[in-house]
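Open the model in your viewer and switch to a cartoon view. We will go from one selection to the next.

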Amino acid sequence: MKATAQAVVRTRSLPGLLFALVLAALAALAATAPTASASTSDTTPTSVSAIGQALRKSPVYVDPAAAAQLSAKDADALANRIRKADKPLFVAVLPADYPKQDLFTKLRTATGITGVYAVRLGDAFDARADSSVLPKAAVRNLVTTVQGEDTRAQLTDFTAAALTNMGGSAPSTWRRSPDDGGGMSGTALITVGAVLVAGGAGAYTLVRRNRRRHAEEQRAALEKLRVVVDEDITAFGEELDRLDFHPAEAGADDAMRADYERSLDAYEQAKSLMGAATRPEDVRGVTQALEDGRFSLAQLAARREGRPLPERRAPCFFDPRHGPSVTDAVWTPPGGAPREVPVCAADATRLADGRDPVMREVDTDQGRRPYWDAGPAYGPWAGGYFGGGLLPGLLVGTVLGSMMATPAYAADYGSGYGDFGGGYEGGDLSGSGFDSGDFGDFGGGGDFGGGGDFGGGGGDFGGGGF
């Protein structure tokens, strides 16, 4: 009922509302399809090809030789949860002695569907994903979070976190019963008709009321966000004032003048875009311009001092006003899992000394909070600074990260923030046409225990120990 209510609230027109109700009815019917796949007639480990075929019909597969690890009831509950979330997450439970060489690559090829693949193999656990659905950094952080748990808890916790952070939609093969010939029963037609009749009454009034409420919420969010963005613009302007660079000064060359001109253009662009902003999602262009400008300043500083030019990196995660990051450091938020974040030199030193970094805090109803624990409007603000697929790995397990992963968020604040919204191919029947780099070796070997495809001995996933 909650999902249906959200669909009603976010719909912009009466035809769209009716279409959403049809989808809700069909989704309810699809929930009656077969769930977790498992056979109890044979204890021989199943071939990868057979596992792939099973995962095309159901999101969870438990090998007969590993049936003691996860009960049929728990497997069905897990499969139903994945189906309800409408995400391309595939879970396989296999015996400890299952062949490990290139397991993920073979499994992804056999299934042929873009998505996230998680495997419990004996007492070991790991996952891989197509980067269009969930980037490597996010997969690594999610796997690290659940290491050491028993099978049921581990798969449940990983599933909950993955469904929150991943993109894409469930494959169509899950929604089609192998025995129904693709048709729709009379009961199904009656159910759809009943939903349409019940939902149509008063729908127009509901849409108008929620449209007004949505506009008011957007205005309030933009005004709250404007304070933070104006602080960013002011801070960048002060950096330009302190620069004390003159294009005609002795030693200045064309490259320096070009860097300086780009930084000035970025400053003016940021002010112009913020002045024209009417929605929170418009802020993304503002912070992206500021990030471009700060990188130009970093290049200019290196040229003037005769240092090598800096590589293009994301800004400091803790406060983008610190400028471009210089390295990645492991950081653990309170109550969260460790993850690597881009940091400036000063914050890298603080973390190495066991001190807290200097974090960007903003005003909330609960007082001053780090931006990743504040309201949803800060998603566009962060998206401009940390685009290109970084956000899911950085914000996993935070308040903002959880908000940005929902369809309702994309409707309110826009989509396309790294890998959080829009443009996903998850669920596509892509066959063997996928990037094997997403599933193959990460440390050599391609071996489950030898630093490659699954588990990795090079510190990539799961802490080794397989």
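Predicted model: local features only at pLDDT ≥ 70, side-chain atom pairs only at ≥ 80, totals over all residues.

The expected span of a helix is 1.5 Å times one less than its number of residues.

**Stop 1: helix 7.** Select residues 151-165. This helix has 15 residues. From its first C-alpha to its last it reaches 21 Å, close to the expected 21 Å.

Now show side chains. Thr151, Gln154, Leu155, Phe158, Thr159, Ala162, Leu163 and Asn165 are buried in helix 7. Look down the axis: the buried residues fall within an arc of 160°, so they line one face of the helix.

Next, pick aspartate 150, which caps the N-terminal end of helix 7. One of its side-chain oxygens lies 3.2 Å from the backbone nitrogen of arginine 152.

**Stop 2: the sheet.** Strands of a sheet pair through backbone hydrogen bonds, either parallel or antiparallel. Here 4 strands form an open sheet with mixed pairing, in the order 1-2-3-4. Select 60-62 for strand 1 and 124-129 for strand 4. These are the edge strands, and each pairs on one side only. From one strand to the next, the twist averages 10°.

Which residue of strand 4 is the bridge partner of leucine 121? Click on alanine 124.

**Stop 3: helices on the sheet.** Select helix 3, residues 48-57. Helix 3 lies across strand 1 and strand 2 (89-94), at about 140° to strand 1. Then select helix 4, residues 72-85. Helix 4 packs on the sheet and touches strand 1 and strand 2. Its direction makes about 160° with that of strand 1.

Notes: Residues numbered from 1 in each chain as written. Heavy atoms only, no water. Helix = DSSP H or I, 4+ residues; strand = E, 2+ residues; numbered from the N terminus. Buried < 20%, exposed > 50% of the residue type's maximum accessible area, 1.4 Å probe, protein only. Arc of directions from axis to C-beta. Polar contact = N/O pair within 3.5 Å; in protein donor to acceptor, adjacent residues only side chain to side chain. Pairing = 2+ DSSP bridges. Axes fitted to C-alpha atoms, helices over the stretch in contact; angles between N-to-C directions. Contact = heavy atoms within 4.5 Å.
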